[in-house]
Amino acid sequence: MKFARIATTTAATAALALGLAACSGSDSSDGAATSGASAPAASGPKYAGQTLTVWRLGDSNPAAQKYMDELNAAFEKESGAKVNLEWIPWPQVNDKFTAAAAGGAGPDVTEIGNDQVPLWQSQEALSPITPLLQAGDQAEIPKNLLGLETIDGEVYAVPWGAGSRAVLYRKDWFKDLGIEVPKTWDEVVAAAKKIQEKKGKDVDGFAFNGGSDANHLLAAFAWSEGGEYAVKEGDKWVGKVTDPAFKAGFATYTGLVTDGLSGKSRLTQNTVDIRKRFANDKVGMYLTAGWDLPGIEEDSKGKLKGDKLAFFPLPAKSGGEAPSFFGGNDITVWGGAKNKEMAADYVKLATNKEWAGRYASEGGLLPIYPEALAKLKDDPAQAPFAAAFAKAKAFPADPNWTEANETKAVLQNAARSVIEGKATADEALAKANGEIEEILNQ
Amino acid sequence: MTNTSTVARGGGASPAPGRRRHAPQRPAKARGLSPRAVPYVLLAPGLLVIAGLLLYPLGQMIVISFQKVGIPQINGKKPATWEGWDNYTRVLDNEIFWSSLRNTLVFAAVTVALTLVLGTAVGTLLNRLSKKMSTFVVIGIMSAWAVPPVAQGVIWRWLFDADAGMINWALNLLPDGLSELLFGRSDWTGEPWLNDAFTIYLVLIVCVLWSSFPFVAVSVLAGLKGIPAELYEAARVDGATPWRIFRKITFPLLKPVFSVLTILSIIWDFKVFSQLYVLMGGPTNREAFNLSIFSFAEAFRSPPKMGVGAAIAVILTLILLVVTAVYIRQIVKTEDLR
């Protein structure tokens, strides 16, 4: 039995070793913060020799990289500090923020989605930067753009660029197949069917989004019918997803799959997954914004760009244009920043008229300064977004929204159970309604 | 396994050969340790490591499971507050907990059984192969065992991909009649395997089975090598069938090996995480959660609720402890594990 002994001993050792796997969290001490103010001003730039870590969200692409290189060079020239830039893909943003806030290596300055500000403020991960918005260019930012950023009278982030969504479509396919740009939802459905007929069964005519950012798509359908996710009555959130209006939008949403416009094997894909499939000729239309274009050009090895792609505003089933999610990217000082003054200076530079303007125009977003936005209406490429922006709406402004939206993916799971025939829309939405209330009111 | 001999040597009437050789006055033991303490001193470093790396985190986990711990508590901006049994009631009231529990238990039961059966079958086969062939097969199957869990998940995810996967392609190659007869359908184009909890678990079982049976097979082979050939000769002379030989000779003699392999498989299959995470494409599909993923999703996805996550982990640990304790008791009772 010698071998058996050896085998069992080995096995037991292996078991022990597995049991020992423990994760180590590192305690960061930010006590070593060096004060920028005390740096001798006489010996050149203010922050000479210091480094600033900046997180940009999304996948890097040549246009965005060029913008960041130039912005960082400008900051280095002005302040003498070196900028260390990191790109965080969108689907990982919340996990990276969690790790950074829990004491890991975090940024000094970070880009942040405007709807994420309430969550990370509630986790005490952001620093108030109210004075920054009271002087210079930033004082001209319209106050109605600061709705999500203002909490208890303090501002926690500066809008950098605004985003509204429209339908990105393959202009070259539409031309080949003789499809007109859809003006109604029925025309969208017809166009999607025709694309699938000619381009293959595994092509999504209009891609279904059931991943972490699915509510951008669902919201457009639900809002266009007059539905809401939840409404604050007194100091309590009341779920509204069982209302007939929301249900009508939800039916359009699940119908993307049940009517066959999008493959039933991809129920959990998010915008990044869809974008990759789009770049590989597997998607005809999907709801997104201009910031996807550089990534598509890169993923398709330069084949998909320019006049092969175009946008149109999403038509509402009930007529007119569907309201779009009022999205936007902010930039802010991270609560754990080593040198908050230096970080604030960077934010100040990045959001002035010149750099915020370039951020929006080069990144496919809408500018935050009113005069720049006014100019857009004449630009044919930007007109669909400007139109959608006029009707933009936001999700329930509550720190717990992210949990319902992404972490628990409440409505994504409801949609999947309806699509797979495990529950009726009424059952699934009733369950989702209870859960949304529970999460928002916790 | 060698308990009895250790006890006899370490404790009780120590023969202490030193005493006989040296004069009794010699202060050899005065500043040294008593022989009783020696084993404990020798065990101390190992125990310290285990205490530091295993017991302390385990204790912390239990403490946290009674607290509210989020980011402000971790980075020290707010103190952790005691919640009593709140985290546990929250978990038990959550229907995802019950579906996760069901998934965990059914998956472990099925996979442990299949792993042991397939592993034993392959182990016995290996024993009958020629040396060269046996080495060849062992190297082959062990490379499956050596694949890291995340890579296993990725491999099987691609094989079962709805549009580009080999499985749907191969099923489509079957003659229509045969496919109709076996599965009641002949068109497998775009069949989504990784949407539904049931099919996700089918794929997961295949994936985990594929990567864990080689270890069982090789352990069984090692055990088989230790069984004297005379026993088999005698049985054959008496005209026993191969099945009878397995039942009456191989199985009883390999029982200790099976016991250990079963416990290990139970522990491993209860804790499956990476493969499921990859197959599901992240923690979105909540019906397909098992307890490990559920615990992870509560504890680490934003906003982190470490207390609730820890409570789930404690429950998972307790279930594992009960299962293994019952099993070990069974073994000790029948004195299998010598």
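A residue is called buried if 20 or more other C-beta atoms lie within 10 Å of its own, exposed if 12 or fewer do, and partly exposed in between, with the C-beta atoms placed from the backbone. Because A:A350 has 23 C-beta neighbours inside 10 Å, A:A350 counts as buried. This is a predicted model, in which local features need pLDDT of at least 70 and side-chain atom pairs count only at pLDDT 80 or more, while totals for chains, interfaces and linings use all residues. Residues are numbered from 1 along each chain as its sequence is written, and chains are lettered from A and ligands numbered from 1 in the order in which they are written.

**Surroundings of A:A350**

A:A350 is found in helix α11 (residues 340-350) of chain A; helices (H or I, at least four residues) and strands (E, at least two) are DSSP runs, numbered from the N terminus. Leaving aside residues up to four places away in sequence, A:A350 touches A:L71, A:W160, A:I331 and A:W355. Here two residues are in contact if their C-beta atoms, placed from the backbone, lie within 7 Å. The C-alpha atom of A:A350 is separated by 37 Å from that of A:G227, which is 123 residues apart from A:A350 along the chain.

**Domains**

The contact joins 10 residues of domain 1 of chain B to 9 residues of domain 2 of chain B.

**Helix α14 of chain A**

The buried residues of α14(A) are A:P384, A:F385, A:A388 and A:F389. They lie on the same side of α14(A), because they cover an arc of only 135° around the axis, the arc being that of the directions from the helix axis to the C-beta atoms. An α-helix has 3.6 residues a turn, so residues three or four places apart point the same way. The buried residues of α14(A) pack against β6 (158-163), β7 (166-170) and β12 (309-312) of chain A.

**A sheet in chain A**

In chain A, 4 strands form an open sheet in the order β8-β11-β7-β12, with mixed pairing; two strands pair if DSSP finds at least two bridges between them. The edge strands are β8 (204-206) and β12 of chain A, each of which pairs on one side only. Strand β7(A) is joined by 4 bridges to β11 (residues 283-288) of chain A, and the two run antiparallel. Within this pair, A:L168 stands opposite A:Y286 in β11(A).

**Contact between the chains**

The contact takes 35 residues from chain B and 39 residues from chain A. The largest share of the side of chain B that touches chain A, 6 residues, comes from α13(B).
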